[in-house]
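Thanks for passing this one along. Here are a few notes to read beside the model.

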Amino acid sequence: MLVLLDIPCRRTVEFDVCDRRPLDDLYEQAKARLGDEYAWDTAYIAGRHGLSASEAMESLDTPWLSLRGRILGGKGGFGSQLRSQGSRTGTKPNDFDDCRDLYGRRLRTLKEAKSIVEKLETDEKTREEAAERRRKKIAEGLREKPAKKHRFDDSEYSRNCEEIVEPILARSYRSLIRPKVSIQKPASSRTSASVRMLSSQLSLAKNVQISSAGELAKLKDKSLFRYEAYVNGNWVKAATGKTFDVVDPGTLETIGTVTDMDASDVRKAVDAASTAFASWKKTTAKQRSVLLRKWHDLIITNKDDLARILALEGGKPLAEATGEIMYGASFIEWFGEEAKRVYGDVVPSPFGNSRLVVLKQPIGVAGIVTPYNFPNAMITRKVGAALAAGCTVVVRPAHETPYSALALCELAQRAGIPPGVINVVTSSLYNTPDVGGELTTNPAIRKVSFTGSTPVGKLLMKQASSTMKKVSFELGGNAPFIVFDDADLGTAAEHLIACKFRNSGQTCVCANRIYVHERVYDEFVDRFVALVKEKLRIGHGLDEGTTFGPVITARGLEKVEDQLKRAVNSGAKIVLGGKRPDLKVAGHFFEPTVLTNVSDDVPMSCEETFGPLCPIYKFSTEDEVISRANNVPVGLAGYFFSRDIGRIFRVAEALEVGMVGVNIGTVSSEVAPFGGVKESGVGREGSRYGIDEYLNIKTLNIAF
């Protein structure tokens, strides 16, 4: 790793190609060639894109440098315009206020950026003064807080860079230093689905401007929007007083700030949960069931507000967000009922003067870590089971989507769930390693439940092993979706729409590799592409008519673009989509993309995409497709469509996954066990098996 300075912040950047020379060397070389003002730009580009200093210098040209100075605030430039705009709207005057709006609507391409720059008056003196101010800010930041490896600094400068300035700069110089995806246009005489280009026919929603403040004002119960952590029945701030920003992925606008807790705050939450466990474990199953039912009813009553909060922070279309609220509530209802069905056993003893009795008891305090793609349902599925079993919990929700978790706490408090039984600690990306480490190593926590990527799951499992905690992990997937030649193609295409593009492809069980028999391949692709154009409307989740929202994170969007580039460079053909749509809002949007002629060796085929890329592969035989479907280290879910009853049983049993959808594109409900095999995790959630993850089995051998 090499610590590089960005303007106006510092970041830790991983090098892929270039050598790891000290920053000073890069800076001095650039300074000698380009002058002091542009030296930091060169160092940034070198580190961010794996270039040598000379390659980075060659990437810079006069229009780009002029644009760079204008964005970061010269007299009469963008910074001045934005300060003026901020004062009119009552926002804090700052060089970077509303830069995200500028990024989304005005700096879409380098060509447009250059044309804007040419219209602005050039003022060299002001630019030099701005550069000096930036250097002073950087120097002050370094003296105040050294950069740490593998983490983003959470200072004001770093947040500005990550959330506002970085997208502007990345968009502006992408064409200078990143290779473009080259797409070969098919000959007009070819009409096969594998080469037809239809990207211009995707539909947009109404494409209106969305304001976070305006959407929050629509909440019927504004007390559901919380920004402090929930510990021991109280709303508390971090001991340090720090906060972090939560950003709407559909506009890149800051929704609000949330308290940023560290390991010391987590220990207090664990202590509160431990104290509460002493009394909570003694409550009867009936008492716990009644409280969970009240919580469920409050969730249903407030579903509209909960869905609006979820759509704002998670990017989902409002109808889809409402669906998640109902889905999440079903787990609270289910486990409230299951609490009364935790049965033990009486085992026949081999001895006449004794009896063997098996009891099930709550395991203790559970540490729970949830992802950003289902900020409501992933919490209810875990917490519902834990509370029904008699456990208490400390939950760390994803830093991208904490508001849904805090709204659930507000409703749990109203339902009468005692203080300390549910605790939610919020933390930024910066504090995540320490918070996760505390949850997995604190001896008072006896159970850890995590949903997320396989690499992070392996790390948490290693940490949890230090105190031999019980774990249940739902990790990454790479689901095959197989269409045999005897399948109902219309039904298969309909189900693939939801299975692939729900939440813009950001679900762990979404179809990642679509295998279609060669006899029906072209027909299926034609049907599927037509349905995508008909059903999907791209836009902000709260824009009327939207059925397809943004990717939640910038890094997720970059991964989608990288996988697409690699696939196309290896011969894949884009049939539909393939680019960022032209929208008024400046979010992390990417078109639903359908590809054919994709190699089995590209990252898209071997890794979980977690985005709206839909590669469709041909296959010839049943054995071949089963072998290809199983040729990955993970095994969460799989799907196939066939009307042959013999094949249904053969394929279902042969697929190395934890869940199989046969002639259907969904596998999850509150009554069905959810979980995977291989590197997709351990344990099960939901169903009557889910509550067992929070119970210990105790054997009594009673002699008389």
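Which residue of strand 26 stands opposite Pro362? Leu695 does.

1. First, the ground rules. This is a predicted model, where local features need pLDDT of at least 70, side-chain atom pairs count only at pLDDT 80 or more, and totals for chains, interfaces and linings use all residues. Residues are numbered from 1 along each chain as its sequence is written, and side-chain values use heavy atoms, with hydrogens and water left out.

2. Now the sheet around that pair. Strand 9 (residues 354-362) runs antiparallel to strand 26 over 9 bridges; pairing requires that DSSP finds at least two bridges between two strands. Strands here are DSSP runs of E, at least two residues, and helices are runs of H or I, at least four residues, numbered from the N terminus.

3. The sheet is open, with 3 strands in the order 8-9-26 and antiparallel pairing. Strand 8 (345-347) and strand 26 (695-703) form the edges, each pairing on one side only. On average, neighbouring strands are turned by 25° against each other, direction ignored.

4. Next, a helix pair. The axes of helix 19 (residues 489-501) and helix 20 (residues 521-535) come within 9 Å and cross at roughly 50°. Axes are lines fitted to C-alpha atoms, for helices over the stretch in contact, and angles run from 0 to 180 degrees between N-to-C directions. Helix 19 is therefore oblique to helix 20 (under 35 degrees is roughly parallel, over 145 roughly antiparallel, 65 to 115 roughly perpendicular, the rest oblique).

5. The contact (heavy atoms within 4.5 Å) involves, among others, Leu489, Ile497 and Phe501 of helix 19 and Phe524, Arg527 and Lys535 of helix 20.
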